[in-house]
Amino acid sequence: MGNVKVSSKVKSRDRYLDYVLVVLFILIIIVTLYPFLNVLAISLNDPVDTMRNINFVLPRKFTLYNYQYVFRENDLFGAFAISVARTVIGTGAGVICTSMVAYVLSRRDFYFNKLFTMLFIITMYVSGGLIPEYLLLARTMKLTNNFLVYILPGLVWVYNIILTRSYIDGLPDALQEAARIDGANDVYIWGRIIVPLCKPVMATVALFVAVGQWNSFMDTYLYAKKLPTLQYLLYEIMQQATTKIDTHAASQQLTTTTVSPLSVRMAVTIIATLPILIVYPFLQKYFVGGMTIGAVKD
């Protein structure tokens with residue numbers, strides 16, 4: 001009889017705990033979703049209404065004027081094509097170069113293994129700065145307004161090299177040794193053994209590089225204004241919207257077609273993040289896996 005009472009108390013306590021967890025998770029979902037819903041609501045709200053700071057999770061005066069302004073004022077489709085091209089080409093080339101360098105550094109018979117690894121790591125903390133980089137790309141390599149300025153500087157990221165090397169170090173040495181006994185060279189081992197086994201870490205690196213390429217706009221501002229990317233063009237749109245609202249405010253002419261910098265900024269945010277939001281659910285597991293890949297030790 002006593003065991004039955006204890007069991008019922010345990011079940012009752014577990015039930016209350018479940019209720020508490022459900023309420024807690026609902027609150028977490030609300031806190032997580034509210035910023036996104038607020039951004040979407042502002043982008044779909046009337047600009048003048050937004051300037052009066054009347055915003056919540058639903059647009060009070062629904063309008064598509066903010067998106068019409070963004071797409072009407074500039075050639076977004078050309079900039080979108082450039083962004084897609086740099087993301088696809090830069091990601092593919094970056095993954096290949098990163099895996100090659102990581103494979104070389106993972107070779108235990110490479111005499112300068114530790115030296116080059118240390119030099120790479122130093123660059124993560126100490127860099128030449130913006131001026132030497134500009135002189136190298138613009139003056140020495142003559143890459144101003146050249147599409148290669150989007151590709152070459154991002155071919156190798158030190159963090160991705162360390163990540164990939166750590167994964168390769170965790171692979172069995174017997175695979176490479178057996179291939180060498182059969183007469184395979186380094187190129188064959190890298191292409192036929194290392195690359196197929198490194199698909200998880202390479203997918204993670206590809207995502208890191210792709211997100212960095214897609215979101216970058218400072219390189220356009222510095223080197224390639226004649227080849228504007230989507231992010232840079234959206235940045236210019238926000239600057240134009242700020243200038244226009246300052247002009248309207250000075251003349252006290254606020255109309256239904258007045259541009260709100262906040263509304264345009266939110267519309268730009270939705271446009272810029274939508275492709276990543278579409279791709280992310282399909283590749284989320286690689287982001288999660290990438291957080292633990294670097295923990296592999298010798």
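In this predicted model, valine 101 is found in helix α4, which spans residues 76-106. How exposed is valine 101? Its relative accessibility is 24%, so valine 101 counts as partly exposed; the cut-off for buried is under 20%, and exposed begins over 50%. Leaving aside residues up to four places away in sequence, valine 101 touches Phe120 and Ile161.

Cysteines come next. How many disulfides does the structure hold? The count is zero. Two cysteines can be set side by side here. Cysteine 97 has a relative accessibility of 24% and therefore counts as partly exposed, whereas cysteine 198, at 1%, counts as buried.

Attention now turns to a pair of helices, α8 (residues 173-181) and α9 (residues 186-197). Their axes lie 10 Å apart, and the two helices pack at an angle of about 150°. The crossing of α8 and α9 is right-handed. Which residues meet where α8 and α9 pack? From α8 come Leu175, Gln176, Ala179 and Arg180, and from α9 come Asp186, Ile189, Ile193, Ile194 and Leu197. Sorted by class, this contact has six nonpolar residues, together with one polar and two charged residues.

Terms used:
Residues are numbered from 1 along each chain as its sequence is written. This is a predicted model: local features need pLDDT of at least 70, side-chain atom pairs count only at pLDDT 80 or more; totals for chains, interfaces and linings use all residues. Side-chain values use heavy atoms; hydrogens and water are left out. Helices (H or I, at least four residues) and strands (E, at least two) are DSSP runs, numbered from the N terminus. Buried means under 20% relative accessible area, exposed over 50%, partly exposed in between (1.4 Å probe, protein chains only). Contact means heavy atoms within 4.5 Å. A disulfide is a pair of cysteine sulfur atoms within 2.5 Å. Axes are lines fitted to C-alpha atoms, for helices over the stretch in contact, and angles run from 0 to 180 degrees between N-to-C directions. A crossing is left-handed if the near helix is turned anticlockwise from the far one by less than a right angle, and right-handed if clockwise. Ala, Val, Leu, Ile, Met, Phe, Trp, Tyr, Cys and Pro count as nonpolar, Asp, Glu, Lys and Arg as charged, and the others, Gly among them, as polar.
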